[in-house]
Number of protein chains: 2
Amino acid sequence: MALKLTMFPMEQSNGFVMRLAANRMKSGLNRAFQAANLEMTAEQWSVLAALRQQDGLSQTDLAATVTKDRQTMTRILDLLESGGHVQRRPHPNDRRCNLVFITTSGLKMQQKLTDVAEQFTEHAFIGLTQEDLDQLMRISRIVAQNINDMDPEALFGPGKAKQIQGGGR
Amino acid sequence: MALKLTMFPMEQSNGFVMRLAANRMKSGLNRAFQAANLEMTAEQWSVLAALRQQDGLSQTDLAATVTKDRQTMTRILDLLESGGHVQRRPHPNDRRCNLVFITTSGLKMQQKLTDVAEQFTEHAFIGLTQEDLDQLMRISRIVAQNINDMDPEALFGPGKAKQIQGGGR
DNA sequence: GCGTTATTTTTGTCTTGACATTTATTGTCA
DNA sequence: TGACAATAAATGTCAAGACAAAAATAACGC
């Protein structure tokens with residue numbers, strides 16, 4: 001029943017290995033973009049990809065689709081906009097909002113990035129079966145969901161050192 | 001044979017899901033440390049954990065164990081040292097090197113952090129079987145290795161737009 | 001309508017990661 | 001030995017993620 005959670009040696013712990021793989025995916029992709037002379041980061045690409053799917057989103061909605069916070073989105077959009085890949089337009093009814101639109105140049109860029117990303121991913125997954133990938137997705141989603149559902153204060157907060165169940169009395 | 005690499009919708013792509021899980025592991029752990037009143041980040045913890053395993057490493061060796069670059073290690077050590085958790089001492093034979101030692105306070109902190117991290121990880125993996133975890137480790141390691149072995153310039157470099165095989169002629 | 005609360009975006013700070021450059025020291029080899 | 005390359009650490013810059021706090025606008029309750 002209980003999982004064997006290897007914390008040491010640290011380099012073999014679950015979190016460490018997950019971080020390493022995800023980190024390499026990101027930096028490897030960035031290097032691939034660079035090598036292809038596409039001056040864009042993986043994060044910026046994800047925003048362009050989101051806009052390709054649905055254009056004219058608010059910054060908040062955009063942030064939600066790519067699971068970044070709104071402050072980060074503001075800055076990524078600053079870069080994309082100054083590069084001419086994206087355009088912010090005021091919301092017709094709500095002057096607090098911007099609607100974000102991808103430009104022609106942004107669309108072209110998005111296509112090139114996606115081509116490189118596809119090639120990169122193929123190479124990243126050499127030696128894996130389709131089932132491996134399915135498992136990886138399933139497991140990753142469960143982990144992400146579990147952590148999302150957590151209440152750190154309740155679990156690790158002051159005075160809650162050990163007791164997980166039976167908080168009262 | 002060929003893997004089905006879902007690139008769209010972007011939120012369901014492999015890289016996106018891996019990033020989300022790893023990201024939540026990191027930020028969730030940071031929040032857990034905060035909630036437990038331990039003013040330390042997951043990265044700093046990994047360095048303390050590495051030192052718990054082997055004390056007196058050079059900064060370069062330490063960086064290699066936790067797979068960070070040396071510049072990042074310099075800065076993490078600055079923080080750990082100013083917090084009194086770690087101490088840099090000159091290498092006896094090589095004046096370029098520092099050897100890094102964990103202090104008593106660092107050891108205590110490390111233990112507390114590890115306790116919280118264990119509890120956190122338990123919760124993060126609710127609903128997973130031991131085999132799921134093993135698969136996750138195996139698959140993540142393959143991905144990390146694949147990307148490490150990649151040569152971005154050769155694969156995506158200028159003029160290599162499409163051809164993966166048969167570059168020569 | 002008016003005051004309070006919420007929401008949207010922006011800006012600031014800090015930590016981390018990637019990359020380039022600098023400085024000090026060591027190693028190599030002619 | 002003495003020039004030149006290699007290595008260790010530190011420093012600087014930028015992107016990004018997390019967090020706090022500001023300003024503008026909208027929504028709500030009375």
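This is a predicted model: local features need pLDDT of at least 70, side-chain atom pairs count only at pLDDT 80 or more; totals for chains, interfaces and linings use all residues.
**View 1. Helices α2(A) and α5(A) are roughly perpendicular to each other, because their axes cross at roughly 115 degrees.** Residues are numbered from 1 along each chain as its sequence is written, with chains lettered from A and ligands numbered from 1 in written order. Helices are DSSP runs of H or I with at least four residues, numbered from the N terminus. The two axes, lines fitted to C-alpha atoms over the stretch in contact with angles from 0 to 180 degrees between N-to-C directions, come within 10 Å.

**View 2. Here is where α2(A) and α5(A) meet.** From α2(A) come A:W45, A:L48, A:A49 and A:R52, and among the partners on α5(A) are A:L107, A:M109 and A:L113. Contact means C-beta atoms, placed from the backbone, within 7 Å.

**View 3. Chain A meets chain B through 67 of its residues, which touch 68 of chain B.** Several helices of chain A each supply at least two residues to this side, including α1 (14–35) and α5 (104–124). The largest share, 16 residues, belongs to α1(A).

**View 4. Around DNA strand D lie 24 residues.** Near means a C-beta atom, placed from the backbone, within 6 Å of the strand. A:T41, A:R95, B:Q59, B:T60 and B:Q71 come nearest. Helix α4(A) gives the largest share of this surface, four residues.

Notes
Two residues are in contact if their C-beta atoms, placed from the backbone, lie within 7 Å. Angles under 35 degrees count as roughly parallel, over 145 as roughly antiparallel, 65 to 115 as roughly perpendicular and the rest as oblique.
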